[in-house]
Amino acid sequence: MKNLLLVFVAAALAAFTFSSCDTLEPNDPGRLVPLTVDEDATLPSISVDGTQFHSETFGNPNDPMIVVLHGGPGGDYRSLLNCSRFSEDGFFVVFYDQRGSGLSRRHSKDVYSTQLFIADLDAVIQYYRQSPDQTVILMGLSWGAMLATAYVNEHPGAVRGLVLMEPGGFTWHDAEEYIKRCRTLNVFDETSNDYVYVDQILTGADHNELDYKAALQGAADFSKGNKVGNPGPYPFWRKGAICSMAATEYAADHPFDFTTNLHQYTTRVLFLYSELNEAYGQAHAQWVSSAYPNVELVEITGTGHEIPYFGWDRFYPVATSYLNAIR
């Protein structure tokens, strides 16, 4: 009798919930995926270059600045937050979710271009920079390392140092070939997917649904047997599906080459690759890094692609040694 009563109460509550005018639908903000900065004023953010970025900083704003750049496009910086510890070593550490990514404001597909990501990065640097002579260092993972290189290629005298972790490639051709080895057809997305599922994502109704599906898709990046060597899940807030797909299509139509001016950047570059990423390896690392004239090439053992998350204990001393040498 007691169990029957509980069933009745539960059914009544369910009926009330689903008949109420306050019923939450899957696409209601915050239901499927976390809110973005334009939807949640409590999130730390900045407004520059015509958009609103999810962004936060650690350390003294007058110290040498490290701008940390996440992968994707369409990822976020949550798995890179270990890098906030560089603030304890006398650096001002800046994180931001790139345009249309993570918890940053969403945009329509036609907004995106490779050049826009570079302009956004410059706007973020200028927003946080306290003086023209403040040191700027870029630290990027995957697409973030490609973006850092794209920025240096345009502004070779503006950056004191670079920490690059497994950039797919600095030309469209090299990036495309690397991602094919990861068994994905989305050249910028670090997951295993197939054309059918990508097409389903592209035809979805809105950013909430698309980002939710992209998060499910992204599980392949740490599933058993993944080629990039991640041993399990790593944290993220929200994927930017439209950003990822639009950036890919733009790059396919407008192939990039971020190496045209790198010969001017003679400062030593710290270039890292992981032991467990089967799709990367020493040969690819040597080929990609050779675009720079002065490279320190280091393998980070015992980890896969998400180096600062899974391989922090081995990454930190190598990065710290480099940062202290070039600050």
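**The Glu249–Lys109 salt bridge**

In this predicted model, the side chains of Glu249 and Lys109 form a salt bridge with an N-to-O distance of 3.0 Å. The pair connects distant parts of the chain, 140 residues apart: Glu249 belongs to helix H7 (residues 241-253), and Lys109 to the loop between E4 and H2. Glu249 is partly exposed at 35% relative accessibility, and Lys109 is likewise partly exposed, at 38%.

Between Asp120 and Arg99, the closest N and O atoms of the salt bridge are 2.8 Å apart. This pair spans 21 residues, from Arg99 in the loop between E4 and H2 to Asp120 in helix H2. The salt bridge of Asp49 with Arg99 has its closest N and O atoms 3.8 Å apart. Here the two residues are 50 residues apart, with Asp49 in the loop between strand E1 (45-48) and strand E2 (51-58).

Arg99 is buried, with a relative accessible area of 5%, and Asp120 is buried as well, at 1%. Asp49, by contrast, is partly exposed at 38%. The salt-bridge count comes to 9.

Ser84 is located in the loop between strand E3 (65-69) and strand E4 (92-96). Its relative accessible area is 15%, so Ser84 counts as buried, the cut-off being under 20%.

A polar atom of the Ser84 side chain lies 2.7 Å from the backbone oxygen of Leu81. Leaving aside residues up to four places away in sequence, Ser84 touches Phe58, Val93 and Phe95.

Methods: Residues are numbered from 1 along each chain as its sequence is written. This is a predicted model: local features need pLDDT of at least 70, side-chain atom pairs count only at pLDDT 80 or more; totals for chains, interfaces and linings use all residues. Side-chain values use heavy atoms; hydrogens and water are left out. Helices (H or I, at least four residues) and strands (E, at least two) are DSSP runs, numbered from the N terminus. Buried means under 20% relative accessible area, exposed over 50%, partly exposed in between (1.4 Å probe, protein chains only). A polar contact is a pair of N or O atoms within 3.5 Å; within protein, one must be able to donate a hydrogen and the other to accept it, and residues adjacent in sequence count only if both atoms are side-chain atoms. Contact means heavy atoms within 4.5 Å. A salt bridge is a side-chain nitrogen of Lys or Arg within 4 Å of a carboxyl oxygen of Asp or Glu.
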